[in-house]
Amino acid sequence: MSEERFGEFVLVRRHERGHVAELVLDRPGAMNAVSTAMARSIAGACAALGEDRSVRVVVLSSSHERAFCVGADLKERNSFSDADLVRQRPVARGAYTGVLELPVPTVAAVHGFALGGGFELALSCDVIVADRTAVVGLPEVSVGVIPGGGGTQLLPRRVGAARAAELIFTARRVEAAEARELGLVDELVEEGRDREEALAMASRIAGNSPVGLRAAKRALRLGHGLVLPAGLEVEDAAWRSVAFSGDRAEGVAAFNEKRRPEWPGE
């Protein structure tokens, strides 16, 4: 396993011969509250991972024992002038869009508090694995703002417009069991096992074609919300992008030869 640090607060670990990258939120002194510097580091790490063709899956995790991420750094925000806030906005957005736009499958490993921007980072992933200590929510209206890291758009896509409205308008925190029942998280695991289970899922994903994984994610993301005929056209375009690839040829050959494929990744 290798490690690379992006700024002071973000660590990237490589697993499975580099095919699984773990992006670790590592600001334990502030329960991973996202400061300007941390947001810039998240965006930088995502840009590097997105360009690395050896990466097949990214796991988003936390080094803090009691929190995934408590959201924006409100202590820092309290010192901002209006001009500071305007300047910081694109930096903050870059962190959330960085995770959201990763071209490979992403899995969030959530324990403890995942609130506000912290929950939005998790929502930006394709799958959320949470342990029984998880507490999630979008409490932004309770401090005079709105979810600004994608929450008003990503949450209704998960749970429907009415349920998202109730959660955002009440600003309430949701504990793990209810979060799983409502679809706010996808897998609920025993306390302390969120990272382990997320990495295990990532390992299973990473065994599949990297070309196929990227194309499948592209089809899922671009097709979501379209009318069915338009969605099927998105799917067809994604299929055509892989149908004549080296991965497709290797996958068919390996299946017929009853062996594990050695993906060329092209």
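This is a predicted model: local features need pLDDT of at least 70, side-chain atom pairs count only at pLDDT 80 or more; totals for chains, interfaces and linings use all residues.
Close-up 1. Trp239 has 49% relative accessibility, so it counts as partly exposed. Phe244 sits at 71%, so it counts as exposed.

**Close-up 2. Arg27 over the ring of Phe9.** Here we look at a charge and a ring. Arg27 lies over the face of Phe9, 5.0 Å from the ring centre.

Close-up 3. Strand β2 runs through residues 10-15, and six of its six residues are buried. Val10, Val12 and Arg14 point one way from β2, while Leu11, Arg13 and His15 point the other way. β1 (residues 2-6) pairs with β2 in the antiparallel sense, over five bridges, and Glu3 stands opposite Arg13. Three residues sit between the strands in this hairpin, where Gly7 takes a positive phi near 65 degrees. β3 (residues 20-25) also pairs with β2 in the antiparallel sense, over six bridges, and Val20 in β3 is the bridge partner of His15. The hairpin of β2 and β3 has four residues between the strands, and there Glu16 has a positive phi near 50 degrees.

**Close-up 4. Helix α8 and its buried residues.** Helix α8 takes in 13 residues, 194-206, and reaches 18 Å from its first C-alpha to its last, close to the 18 Å expected. Its buried residues include Asp194, Leu199, Met201 and Ile205, along with Ala198, Ala202 and Ala206. They cover an arc of only 160 degrees around the axis, which puts them on the same side of α8.

Definitions and conventions. Residues are numbered from 1 along each chain as its sequence is written. Side-chain values use heavy atoms; hydrogens and water are left out. Buried means under 20% relative accessible area, exposed over 50%, partly exposed in between (1.4 Å probe, protein chains only). A charge sits over a ring if NZ of Lys or CZ of Arg is within 6 Å of the ring centre and within 35 degrees of the ring normal. Helices (H or I, at least four residues) and strands (E, at least two) are DSSP runs, numbered from the N terminus. The expected span of a helix is 1.5 Å times one less than its number of residues. The arc is that of the directions from the helix axis to the C-beta atoms. Two strands pair if DSSP finds at least two bridges between them.
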